[in-house]
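I would ask you to keep the sequence and the model in view while I talk.

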Amino acid sequence: MKKIAVIGTGYVGLVSGTCFAEAGNHVTCCDIDQSKIDKLAQGIMPIYEPGLKELVDKNAGRGTLQFTSEISQAIRNAEIVYIAVGTPMSVTGEADLTYVKQVAQTIGENLNSYKVVVTKSTVPVGTGKVIQTIISQYSSVPFDIVSNPEFLREGAAIKDSMNMERAVIGASSDKAYEIIAELHKPFTSNIVKANVETAELIKYAANAFLATKISFINDIANICERVDADVSKVSEGIGLDSRIGPKFLQAGVGFGGSCFPKDTAALLHISKDCGYDFKLIQAVMETNESQRMLLVKKLISALGSLKGKTISVLGLAFKPDTDDVRSSPAIDIIPLLTDFGATVRAYDPIAIDEAKKKLGYQCSYSENPYETMKQADACLILTDWKEVKELDLHKVKSLLKQPLVIDGRNLYQIETMQRLGFTYLSVGRPAVHKENTISKAM
């Protein structure tokens, strides 16, 4: 059993700390936000993640998981200190290390014995050296630096943490590597041993590659619409190639969330800093940005104008099973719709409160998708929630002023929408018109 302090109780810190506790370690999750700590102590989660509350309650109840704002004391009591604070994207595209540097100083000021200091936050290459320098300015006590990036999928984070595909451990010494490798034995036997800089780059490379697959298939989808091809079949055909695989080949409205947009921008900035022109990643980002507007153009093409029209938007979170709206399609698209003069009614089963912080009163909100559709001029699908996949399409048609569905997630079969008499415009697939004809996509 290890004594671990996790500094930062956001998505990464809270999930990681809870899973370390579940594995039998004694974990103290720390945050400077006293209100967040108070709520966690009461069992109130700051994020929505399936299974997280149950695991927090279990380990808090048996004493292996604690919460505190007394960060200095938690550091002094720990053998391993995890840095899991935010690294938001700055206006220039690079990762903002303000919080990481503040934590490094706090660690240095409270370093009372040898400890392994681990970065769990996604940080640029060279951050480990920055942390080492800062800590050394405040303490002469020996310590080691490790980069141990996370690869959690929101909505499946507990499963991903308890059953890791791999653990990446970039350590400044063999001693530190062995300590963190031992910590990960309950989670995986696939461990990538590297130096700190390599581990830092692996996280960016992984996310950038997945983002590239998404933008690639979206570009292919845009070609499909021009040549009367079906991107879903293209994805199936190339995904069966074992060298490519089927994952992240679903065409749609583009990627969002807390990682892909931020990490692709940060990797582009890293490449510029080291003198390399990473044209591919620049193109990936440009494709993703343009994909949002393409969906709006489909809507305008179908309606002629959005002025005075009512649009039902289904989905505010960037993906299902999370309340995360960071860089979600809805956050980008709803302001565009209102700028064109539309009235927007938005549905989401989980993310309304988070969306309100970004959108305010630019739209009305409902946890009932059918309420948003009553006499709406069109329905726009932006998140592939199970509740949206399983809508009663007969009821949808009866509620809409006209049977127009713009599907940014390709949720429904073209033949079904044709049979039901919808005008159905998806991404990279033939368009269906209510006259029961199929044509090239708009």
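First, a word on the source. This is a predicted model, in which local features need pLDDT of at least 70 and side-chain atom pairs count only at pLDDT 80 or more, while totals for chains, interfaces and linings use all residues. Residues are numbered from 1 along each chain as its sequence is written, and side-chain values use heavy atoms, with hydrogens and water left out.

Let us begin with the interior. In soluble globular proteins, nonpolar side chains tend to be buried together. I use "buried" for under 20% relative accessible area, "exposed" for over 50%, and "partly exposed" for what lies in between, with a 1.4 Å probe and protein chains only. A nonpolar core is a set of buried Ala, Val, Leu, Ile, Met, Phe, Trp, Tyr and Cys residues joined through side-chain atoms within 4.5 Å.

The largest nonpolar core here has 61 residues, and Ile 311 and Leu 337 have the most contacts inside it. Helix 13, residues 329-339, gives the most to this core, with five residues. Helices (H or I, at least four residues) and strands (E, at least two) are DSSP runs, numbered from the N terminus. Contact means heavy atoms within 4.5 Å.

Now consider Val 146, which is found in strand 6, residues 143-147. Is Val 146 buried or exposed? Its relative accessibility is 0%, so Val 146 counts as buried. Not counting residues up to four places away in sequence, Val 146 touches residues including Val 116, Val 118, Ile 169, Ala 176 and Ile 180.

I turn to the aromatic rings. A pair of aromatic rings is described by the distance of the centres and the angle of the planes. Rings of Phe, Tyr and Trp (its six-membered ring) pair if their centres lie within 6.5 Å; planes under 30 degrees apart count as stacked, over 60 as edge-to-face and the rest as tilted. The count by this rule comes to six aromatic pairs. In one of them, the rings of Phe 255 and Phe 260 have centres 5.9 Å apart and planes at 80°, so the pair is edge-to-face. Phe 255 is buried at 5% relative accessibility, and Phe 260 is buried at 12%.

How are the planes of Tyr 412 and Tyr 424 placed? They lie at 45°, with the ring centres 6.2 Å apart, so this pair is tilted. Tyr 412 is in the loop between strand 13 (404-407) and helix 18 (414-420), whereas Tyr 424 is in strand 14 (residues 423-425), 12 residues apart. Tyr 412 is buried at 6% relative accessibility, and Tyr 424 is buried at 0%. Ring pairs also link Phe 20, Tyr 82 and Phe 187 into a cluster.

Charges can also be placed relative to rings. A charge sits over a ring if NZ of Lys or CZ of Arg is within 6 Å of the ring centre and within 35 degrees of the ring normal. The charged end of Arg 166 sits over the ring of Phe 151, 3.7 Å from its centre. Lys 193 lies over the face of Tyr 177, at 4.7 Å from the ring centre.

Side chains of opposite charge can pair when their charged atoms come close. The rule used here asks for a side-chain nitrogen of Lys or Arg within 4 Å of a carboxyl oxygen of Asp or Glu. How many salt bridges does the structure hold? There are 18. One joins Lys 193 and Asp 174, at 3.4 Å from N to O. Lys 193 lies in strand 8 (residues 191-194) and Asp 174 in helix 8 (residues 174-183), so the pair ties together parts that are 19 residues apart in sequence. Asp 174 is exposed, with a relative accessible area of 54%.

In another salt bridge, the closest N and O atoms of Glu 354 and Lys 357 are 3.0 Å apart. These two residues are three apart in helix 14 (residues 352-359), and are therefore separated by about one helical turn. Glu 354 is partly exposed at 25%, and Lys 357 is exposed at 63%. Finally, Glu 22, Lys 58 and Arg 62 are linked in a network of salt bridges.

I close with helix 9, residues 196-227. Helix 9 has 32 residues and reaches 47 Å from its first C-alpha to its last, close to the 46 Å expected at 1.5 Å a residue. The expected span is 1.5 Å times one less than the number of residues. After helix 9 comes Asp 228, whose phi is positive, near 65°.
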